[in-house]
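Hi,

Here is the structure I promised to pass on to you. Have a look at it first, then read my notes below.

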Amino acid sequence: MNITTDSTLSFFDSGEHTIKIVASFVSGREQVYVDEILVSEKRTFRYSSVHTFQIDQQAAEIRVRVVSIFKGPYIIEFWLAGELIDSDEWDFPRIMAQVKNAQQQMPLWKKLRMFFVFGICGGVVGALVGFATATLFKG
């Protein structure tokens, strides 16, 4: 399992096929790819979800489970024809350590862009609040 700034990336093999799972623990978006072709996509904030698809005329499932939001573990299982083939399991502190490493490798311009966008949004909200307050107490 590899982790980008906000999502996990897991890989499983089944014969000649490669299954890739991208699961964001921030947005709840989960995507399952077989040989780089999207076969299932969901957005969920539940403790578990199941993605079903076919591989070589066999029923396949990816099961994503979160035991505890604050501690983990975060479990991704690959089932083929009703049999558990492989799984990845990560606990929350390990995920956060990977996220921190990924964020440290983020280019400076991306970090500055984020501050700029939040600054503009804060300025707009401040202007609206100031205008509403001035209008309310105009007298």
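**The helix and its patch**

Let's start with Ile120, which sits in helix H2 (residues 108–136). Helices here are DSSP runs of H or I with at least four residues, strands are runs of E with at least two, and both are numbered from the N terminus. Before going on, keep in mind that this is a predicted model, where local features need pLDDT of at least 70, side-chain atom pairs count only at pLDDT 80 or more, and totals for chains, interfaces and linings use all residues. Residues are numbered from 1 along each chain as its sequence is written, and side-chain values use heavy atoms, with hydrogens and water left out.

(Buried means under 20% relative accessible area, exposed means over 50%, and partly exposed is in between, with a 1.4 Å probe and protein chains only.) Together with Phe116, Val117, Val124 and Leu128, Ile120 forms a nonpolar surface patch that has about 500 Å² of accessible area in total. A patch takes residues with over 30% relative accessible area and no salt bridge, joining nonpolar side chains (Val, Leu, Ile, Met, Phe, Trp, Tyr) within 5 Å and like charges within 9 Å. The areas come from the Shrake-Rupley method with a 1.4 Å probe, and for residues only the protein chains shown count as cover.

**The strands**

Next, the open sheet: four strands in the order S6-S7-S8-S9, with antiparallel pairing. Strand S6 (48–55) and strand S9 (83–90) are at the edges with a single partner strand each, so one side of each has no neighbour in the sheet. From one strand to the next, the twist averages 15 degrees. (Angles run from 0 to 180 degrees between N-to-C directions, using axes fitted to C-alpha atoms, for helices over the stretch in contact.) Strands count as paired if DSSP finds at least two bridges between them. Strand S7 (residues 58–66) and strand S8 (residues 74–80) have seven bridges in the antiparallel sense, and Glu61 stands opposite Trp79 in S8.

Now look at strand S2 (residues 7–14): six of its eight residues are buried, so S2 is largely enclosed by the rest of the structure. S2 pairs with strand S3 (residues 17–24) over eight bridges, again antiparallel. Ser10 has Ile21 in S3 as its bridge partner. The two strands make a hairpin with two residues between them, and Gly15 in the turn has a positive phi of about 60 degrees.

**The salt bridges**

How many salt bridges are there? The count comes to four, taking a salt bridge as a side-chain nitrogen of Lys or Arg within 4 Å of a carboxyl oxygen of Asp or Glu.

- Arg29 and Glu41 meet at 2.8 Å, N to O. This pair links distant parts of the chain, with Arg29 in strand S4 (residues 29–34) and Glu41 in strand S5 (residues 37–43), 12 residues apart. Arg29 is partly exposed at 34%, as is Glu41 at 40%.
- Glu61 turns up again here, bonded in a salt bridge to Arg63, with the closest N and O atoms 2.8 Å apart. Arg63 is partly exposed at 27%, and Glu61 is partly exposed at 23%.
- Glu77 and Arg65 meet at 3.4 Å, N to O. Glu77 lies in strand S8 and Arg65 in strand S7, 12 residues apart. Glu77 is buried at 12%, whereas Arg65 is partly exposed at 35%.

Cheers
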